[in-house]
Amino acid sequence: MTATPPPKRTPPKGKPYAVLPGFRITLGFTVGYLSLLVLIPLSAVVLKSLELNWSSFWAAVFDERVLAAYRISFATAFAAGLVNVVFGFVVAWVLVRYTFPGKRLIDGIIDLPFALPTAVAGIALTAIYAENGWIGRWLYAIGIPSAYSAIGIAIALVFIGLPFVVRTVQPVLESWETEVEEAAATLGAKRLAVFRRIIVPQLLPSLLTGFALAFARGIGEYGSVVFISGNMPYKTEIAPLLIMTKLEQYDYAGATAVALVMIILSFLLQLLINTLQWKAARRMTSL
């Protein structure tokens with residue numbers, strides 16, 4: 001005697017079957033969840049900064065020291081993002097295309113910056129890249145100040161941003177068939193041409209995504225940078241540290257004003273990067 005399978009539930013005509021509750025419930029939960037985590041805190045930043053009049057707000061966000069902190073934060077985050085795009089692609093390529101002893105160990109080490117406390121990472125990087133550190137002594141010998149400088153900040157941001165690029169590019173390479181590369185090679189295309197015309201266009205959307213994530217993380221990073229930067233105003237003082245300094249001085253309105261400018265600039269840059277990513281993905285789908 002064979003058991004009869006349960007009858008299949010067919011959705012009503014014109015309505016797709018959904019496992020979760022209806023649209024109104026899920027949308028309400030989504031809006032409420034995002035409001036508690038994102039919208040309400042950001043609104044508090046805006047409202048607190050509005051306690052300043054226009055002249056005080058302008059003086060707080062465009063002070064010479066604040067402008068220097070903006071430049072250092074965005075420049076080092078941008079440079080670290082570019083470095084991570086190059087080397088993150090190489091690491092993801094090696095992990096996907098080659099088999100070698102210790103591959104799983106290296107693949108696990110990539111996620112270490114996610115789990116490691118940022119303060120611990122900052123102390124470790126400072127000890128290694130200081131003038132008397134294992135690596136820093138060699139870099140200082142050739143005139144490269146690897147700690148207490150903008151280079152040191154970029155090194156810390158490269159450390160915490162590398163997993164974003166690797167984990168974004170790696171799934172694309174794993175699902176990517178190599179027949180196109182092999183066909184191009186049989187037709188006489190050189191390796192550089194295959195890389196430039198086939199590999200790069202396919203990976204461009206994921207590379208832009210990884211860069212955007214690493215760049216966004218670098219702009220707001222504090223723990224791993226505060227030790228290796230040296231915190232010298234006008235030279236190595238980052239914007240998050242300046243915000244913390246203002247908070248310690250009970251200048252809450254000035255701190256939120258600087259934070260508001262950082263939010264606006266970060267949003268505009270993310271919007272630009274997402275637009276480039278969308279155009280790159282659309283170009284690939286049209287081919």
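Start with Glu221, whose side chain makes a salt bridge with Arg217, with 3.0 Å between the closest N and O atoms. (A salt bridge here is a Lys or Arg side-chain nitrogen within 4 Å of an Asp or Glu carboxyl oxygen.) Glu221 is buried at 5% relative accessible area, while Arg217 is partly exposed at 24%. Buried means under 20% relative accessible area, exposed over 50%, and partly exposed in between, using a 1.4 Å probe and protein chains only.

Keep in mind that this is a predicted model: local features need pLDDT of at least 70, side-chain atom pairs count only at pLDDT 80 or more, and totals for chains, interfaces and linings use all residues. Residues are numbered from 1 along each chain as its sequence is written, and side-chain values use heavy atoms, leaving out hydrogens and water.

The structure has five salt bridges in total, among them these:

| Pair | Closest N to O distance |
|---|---|
| Asp107 and Arg167 | 2.9 Å |
| Glu221 and Arg217 | 3.0 Å |

Arg65 sits in helix H3 and Glu237 in the loop between H11 and H12, 172 residues apart. Helices are DSSP runs (H or I, at least four residues), numbered from the N terminus. Arg65 is partly exposed at 26%, but Glu237 is buried at 3%.

Methods: Helices (H or I, at least four residues) and strands (E, at least two) are DSSP runs, numbered from the N terminus.
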